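Here is a short report on a protein chain. Look at the structure first, then read on.

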Amino acid sequence: MTTESASGSCLRRRLGFPLAGLALLGMAGLAEAASPSQWVRSFWPTAKAAGVSRTVYNNALRGFTPDPDVLKKAGSQSEFKMQIWDYLDITVTEDRIIKGRELLTTYASDLAAIEQRYGVDREVLVAIWGIESRYGAVLNDPKIVKSTIRSLATLAYQGGRRAKFGRTQLVAALKILQRGDVTPEAMTGSWAGAMGHTQFIPTTYNAYAVDFDGDGRRDIWNSEVDALGSAGAYLDKMGWRDGQTWGYEVEFTSRFNYGLIRSKTARTLKEWQRRGVRRVGGKAFPRPGDSATLYAPAGAKGPAFLVIKNFSVIKRYNNSNFYAVAVGHLSDRIRGGDGFTKAWPKTERPLTTAEKENLQKLLAARGHYDGPIDGKIGSGSRGAIRDYQLKVGLTPDGMDSIEVLRHLEANR
Ligand SMILES: [Ca+2]
């Protein structure tokens, strides 16, 4: 993450919220009556029931006060909708590619051992490390790094939609302390509880972190090898397919029916090829029988991908298509691969609701659309856009783009 806000968006996504249009997380539930110390007393039975000792609990939560910065971040609403190319510009940078290649050399023997044990490519592990924590650089940034116990207790204390997450993760964090992997002071992470070089939340840490360097502690904060090994162990458990890629950049031939551009149906690579989707650069798919899904975030105007099993495994780390493309692409670049063949349509931006309504009205006036004028672009609107594009000779990708809106306006 090159900026604090970019880091924030990454961490929000860890909570399972989409990257764009980040969740509305009101502070409606700010605990009415309880003072922080009352809250600490009231939470004890929950921790005790989970097996946390009184000593660990008291040491961790004595003198707890909510972190105002966490309250602010948890309560903020983001109207900002990021485009995939903006996201890739901040995640897959030249600096990160070069540094990733250096680290591949620095940690060559450890990465070979991790690859051997878990069957996950070293370039993918390094890419995750780079995107999650800028190869550990964010761990030294006082604006980002906070006491994990205090952050999670703040989320639990403040109520609202993140309270359940805060309670669950706080109990998991207390159990980490109880096992002695880390001291309360050294247990740090993002405001939302993601910890260490590979940004594990406490429940993920408890289930999947490993002591890869063998010193007896699972130290994802100070041991790069433990952090990389833990990421490998996690992806392995999530079903990583050894030696396979995440997906292929593809292009469309004249045989392609653009009605399929948003299809969520998995088809074999061979079947996609039959339908006019081919790998860029005239390359063949190494395993034509693999099941693949089409992902074309910019419609017909930007890079499109056929993604296979490992794409969905990366999403288990962070449930975002943008994230999975970034990790996959950064790993390819670290390995020595090139950028995408096609350029992103960087002048595009999402239409505003008013513009979408206008688009629907203009389509209706031309007889292509008879649905509600509500600014919501669903399959009906997309079908209408496609009909219009076909009629006037634009690429019929059904995208609610500025291009199509301007075309309608100019030809009404
Ligand atoms: Ca260790």
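Predicted model: local features only at pLDDT ≥ 70, side-chain atom pairs only at ≥ 80, totals over all residues.

## Who meets whom

From α4, Val 70, Leu 71 and Ala 74 meet Ser 151, Thr 154, Leu 155 and Gln 158 of α9. Contact requires C-beta atoms, placed from the backbone, within 7 Å. Sorted by type, the residues of this contact are four nonpolar, three polar and no charged. Here Ala, Val, Leu, Ile, Met, Phe, Trp, Tyr, Cys and Pro count as nonpolar, Asp, Glu, Lys and Arg as charged, and the others, Gly among them, as polar.

## The whole chain

The chain holds 18 helices and seven strands. These are DSSP runs, numbered from the N terminus: helices are H or I with at least four residues, strands E with at least two. The C-alpha trace spans about 75 × 55 × 35 Å along its principal axes.

Among contacts with a separation of 6 or more, 69% join residues 24 or more positions apart.

## Numbering and confidence

Residues are numbered from 1 along each chain as its sequence is written. Local features need pLDDT of at least 70, and side-chain atom pairs count only at pLDDT 80 or more, while totals for chains, interfaces and linings use all residues.

Key:
Contact = placed C-beta atoms within 7 Å.
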